[in-house]
Every structure is written in structure tokens, then in C-alpha cells.
Amino acid sequence: MSESTFTFPADFVWGAATAAYQIEGATHEDGRGESVWDRFSATPGKVRNGDTGEIACDFYHRYPQDVALMDQLGLDAFRFSIAWPRVYPEGTGAVNQAGLDFYDRLVDALLARGIEPFPTLFHWDTPQALEDVGGWTARATAEAFVTYAETVVSRLGDRVTHWTTHNEPWVIAWIGHAWGEHAPGRTSEAEAVATGHHQLLSHGWAVDVIRRAVPHARVGITLNLSQAYPASASPEDEAAAWQVDGEGNRWFLDPLFRGTYPADLLERNELVAPLVQDGDLETIAAPIDFLGVNNYFRFVVTDGSEGPRMVRDPEAQITDMGWEVYPDGLYRVLTRVSADYAPPAIYVTENGAAFGDVRRHDGRVRDPERQAYLASHVDSVAQAVSEGVPVKGYFVWSLLDNFEWAFGYSKRFGLVYIDYPTLERVPKDSFYWYRDFVARQKAPAPSPAGPVAARST
Ligand code: FCB
């Protein structure tokens, strides 16, 4: 495995990422309300193996141990999400202080180890009470989100600077509301479009509210972005790739950075038009301090008889998710977003890979594929940084193996292996690799900062 000799800037943030429902467990504790993921995962046939987040990694109780692991890794920052139903069990109305207390303790535990908290306000666990009255398809949920955001930020804003409003609105909108494979399991394209619009709107409103509550706050949003490569140089394949780019990437990037929905997506524009009220697009395009980019794979697109079709390079290495390992895709996403939308800063808020890790008789978890994946993707980030793209940090998905949504516990993304029956934490080989990599970044060899060495792709 080749590793670049590029030295990242001293203030580059090295982190790891998680999300509340995927790790916390304790779903009935301290007054937490029900979320759509509790309901969805309790519904037979929705999640592989009938898995739920009821216990997950038990992070809610074991976070001190996990913060110690982060310290061992030498992390600068920890990305986690706040569970809305812990703070507002009914989505709106009375605040549950005991739920907020948990995040208060977590933030203090991180800061005590010199680890910066990077919270995301919403990572898909909508309060079920809101879902029952329309959820994200209703504009009222965007209003409720802003109240929730203000409550959390008022409590933690004295210690937290970087705030992310939403995680991957495309995923919850389409996988959750059009395809029905994620909570809440709706299956309507119109509802997906409404969900996306209301999330963007709530983001824009929240940017303003967060800045008022915490003047020094840095506010951003995280999108899942994947580069769409045409399968050939034919105009048809190029047009098909552009459409895929529009549906996944531009549908969110354009309103956030340009205050318009992409005009070429005609059907979606017809669906969104009736929802857009005066001032919505100006709100959505409120300047942000950073863009979070989650990236795992690329798309290769050809023009099929029924529209764009994804194809796969038969030589490609794929992960346990069936996702192609293609580090150049991350480089392309970063350079493209920077060139086309000029966010003031970018954080890679998720990047990583699932493999079928096993704990051997000697207790070790050897995961050379994950090390290679991370090393090659960090190389791609280095390449982008060396070309002036303002990437300020990189977060591995994930710190811990965890509840991978509809796949339950069958997919392992962690730097730390979780033995689910005992909840024992076992650092994988990639944990030590990342620890050593981060340590080298903190104490770089005295070599002139030069161009990136040969890329490993
Ligand atoms: C992203 C999600 C994250 C995790 C990774 C594998 O889409 O944000 O929660 O599931 O994929």
C-alpha cells in the first residue's frame, strides 16, 4: 500500500464519526421518546435479522470507555449526532432535560481529553410523534426542527463551535420516503421531494438561529456526494451521468449555494414548485461556514432504455456493502464542489468501508482492506488539499461497528470491532494504523511540504 508523503496543515482536523441511533442504545432511558427508527426496526421485515437500535453499542452508558479509545487514537474531533427524541420526546412541547444532560456529559468528556465535539443535529431519527402528523413531508416539522436546534445550541453552544444541521438529506428523502427502505418507509416520489425541501428549509432557518444563539458558531450541513462518471464518452452516457449528478448532488448543492433548484430536472421541479414559498430559496442559500461531504463510492452511468443505468467495472474491488472502492471519486468530488460551489471550508464528514471482519483466536481483528481503503482515500484528500481545495478535516466512518440501518449489525464499518453479545470493544488493526497515521501528522518528519507523491490509485 502506498502512502503519500504529503504533510497536511497542522490545524487539519482528524476525526471519526458516528450517529445517535446507530450507537447509543438506551432507547427507553431517561425519558427518550420514540423515533421513526424504533418503529421501523420493530416492524417485521424492515431490518435484516430483525435487528434494532435498542442496545446498539450501548454508547449511552459506555461513552467514557469510547472517549478513552478516541484519546488513544489521537483524534482531534468526534462527530456524533444528537437524538431529537431524547431532547423533545414528542418532537415539540416539553424539553426533556435528562436527554440533554447526556450530551452535556459527552461534550465535557470529550473536551476533558482535548477532543473537539462535532455534533450533527439530525441524523435521521425523527420523533415518531412528528411522523404521525406528516413528518418531513409537512412544513411544520421544519419549524419544530428549528426550535429543537435552538434548545440544543443554547445548552451546548458555550462549548461547541462546529454545528452540522442535517446529515445526508438525499438519503432520508429518497431511501426513506420514495423507496421505503429506511424509516419511515414511505414510498412516494412527491413525499421524497417534500422531505428534501423541508429539510433544506429547516437548515436555512437553523443557520440563522444558531448564529444568534452562539455568535462564534461555525455552521454547516453534510451531503452525501458521489461523482457520476459516464460509462463512455458518448453524449448519451454523458447526459445520463449528468442526470444522476443532478438527482443526487445538484438537487441539494444548487439550492444551498445558488438559491435555485437545478432546472434540468423537470419532473422534480414540478413536484417541488408548489411547496416553495416566497423567501424559501433565499433562506436555504444562507451562507454557511462549511460543507460536510460524505463519500463512499462513485457511480458509473450509462444511458439505458428507461433512463440512466448504473454499471460496474468488472475489475472493481467492492466492499461488503457492494460499493466500489474508487478513491479518485473522492478527489473528484472535492475538486468539483470547490470549483463549482466554492464553499469556504469542506470537511469530509464520513468516509470508510465495511468488510467482513472477524476476531481471530489470538483476539486480533486484521482488516488490511480497510487500512488500504482509508490510506488511499486520505491520499485523495491530500491531492485535493495540495491543489488548494479548502478541506479542513477528515472523519473516518466509523469509530465503532454499529447498527447499519436496514442492514442491522451485519455490516462492520468500525475502527473498533464490537462483540455484540458482550459489547466488548476490540480495536482492529486499522485502529492502530489510523492512530499511527494521525501521530505522524502531529509530528511530521522534517521534509519540505511538497507536492503529493505518486497516488496509489
Ligand atoms: C451514510 C450514513 C451513515 C452510515 C454510512 C455507512 O450514508 O450517513 O449513517 O450508515 O452511510
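## Terms and model

Helices are DSSP runs of H or I with at least four residues, numbered from the N terminus. By that numbering, Ser188 sits in the loop between helix 8 (169-177) and helix 9 (189-213). The model is predicted.

Start with Ser188. Its relative accessibility is 21%, so Ser188 counts as partly exposed. The cut-off for buried is under 20%. Leaving aside residues up to four places away in sequence, Ser188 touches His177 and Ala178. Ala173 is 15 residues from Ser188 along the chain, and their C-alpha atoms are 9.8 Å apart.

Pro184 also has its place in the loop between helix 8 and helix 9. The peptide bond leading from Ala183 to Pro184 is cis, and its omega is near 5 degrees.

## Backbone exceptions

Most residues other than glycine have a negative phi, and most peptide bonds are trans. Some sites here depart from that pattern.

A cis peptide bond runs from Trp397 to Ser398, with omega near 15 degrees. Ser398 is placed in the loop between strand 11 (391-397) and strand 12 (416-419).

Trp124 is not a glycine, yet it has a positive phi of about 85 degrees. Trp124 belongs to the loop between strand 3 (116-122) and helix 6 (128-131). With a relative accessible area of 4%, Trp124 is buried. Glu168 has a positive phi as well, near 50 degrees, and is a residue other than glycine. Glu168 lies in the loop between strand 4 (162-167) and helix 8. Its relative accessible area is 7%, so Glu168 is buried.

## Helix 5 against helix 7

Two packed helices are described by the angle between their axes and the distance between the axes. Helix 5 (residues 97-112) packs on helix 7 (residues 139-156) at an angle of about 45 degrees, and the axes are 10 Å apart. The two helices are therefore oblique to each other. Their crossing is right-handed.

Helix 5 contributes Gln97, Leu100, Asp101, Tyr103, Asp104 and Val107 to the contact, and helix 7 contributes Thr151, Val152, Arg155 and Leu156. By class, the contact of helix 5 with helix 7 has five nonpolar, two polar and three charged residues.

## Helix 10 against helix 13

Helix 10 (residues 235-258) and helix 13 (residues 327-341) also pack at about 45 degrees, with axes 11 Å apart. That angle makes helix 10 oblique to helix 13. Helix 10 crosses helix 13 in a right-handed sense.

On the helix 10 side, the contact residues are Trp242, Asp245, Asn249, Arg250, Leu253, Asp254, Phe257 and Arg258. They meet Arg336, Val337, Asp340 and Tyr341 of helix 13. Sorted by class, this contact has six charged, five nonpolar and one polar residues.

## Nonpolar cores

The largest nonpolar core has 138 residues. Phe8, Trp37, Trp163, Val381, Tyr394 and Tyr434 have the most contacts inside it. Apart from that core lies another, of five residues, including Ala240, Ala241, Val244 and Val301.

Consider Tyr394 of the largest core. Not counting residues up to four places away in sequence, Tyr394 touches Phe12, Val13, Trp14, Gly15, Val348, Asn351, Leu374, His377, Val378, Val381 and Tyr434.

Technical notes:
Residues are numbered from 1 along each chain as its sequence is written. This is a predicted model: local features need pLDDT of at least 70, side-chain atom pairs count only at pLDDT 80 or more; totals for chains, interfaces and linings use all residues. Side-chain values use heavy atoms; hydrogens and water are left out. Axes are lines fitted to C-alpha atoms, for helices over the stretch in contact, and angles run from 0 to 180 degrees between N-to-C directions. Angles under 35 degrees count as roughly parallel, over 145 as roughly antiparallel, 65 to 115 as roughly perpendicular and the rest as oblique. A crossing is left-handed if the near helix is turned anticlockwise from the far one by less than a right angle, and right-handed if clockwise. Contact means heavy atoms within 4.5 Å. Ala, Val, Leu, Ile, Met, Phe, Trp, Tyr, Cys and Pro count as nonpolar, Asp, Glu, Lys and Arg as charged, and the others, Gly among them, as polar. A nonpolar core is a set of buried Ala, Val, Leu, Ile, Met, Phe, Trp, Tyr and Cys residues joined through side-chain atoms within 4.5 Å. Buried means under 20% relative accessible area, exposed over 50%, partly exposed in between (1.4 Å probe, protein chains only).
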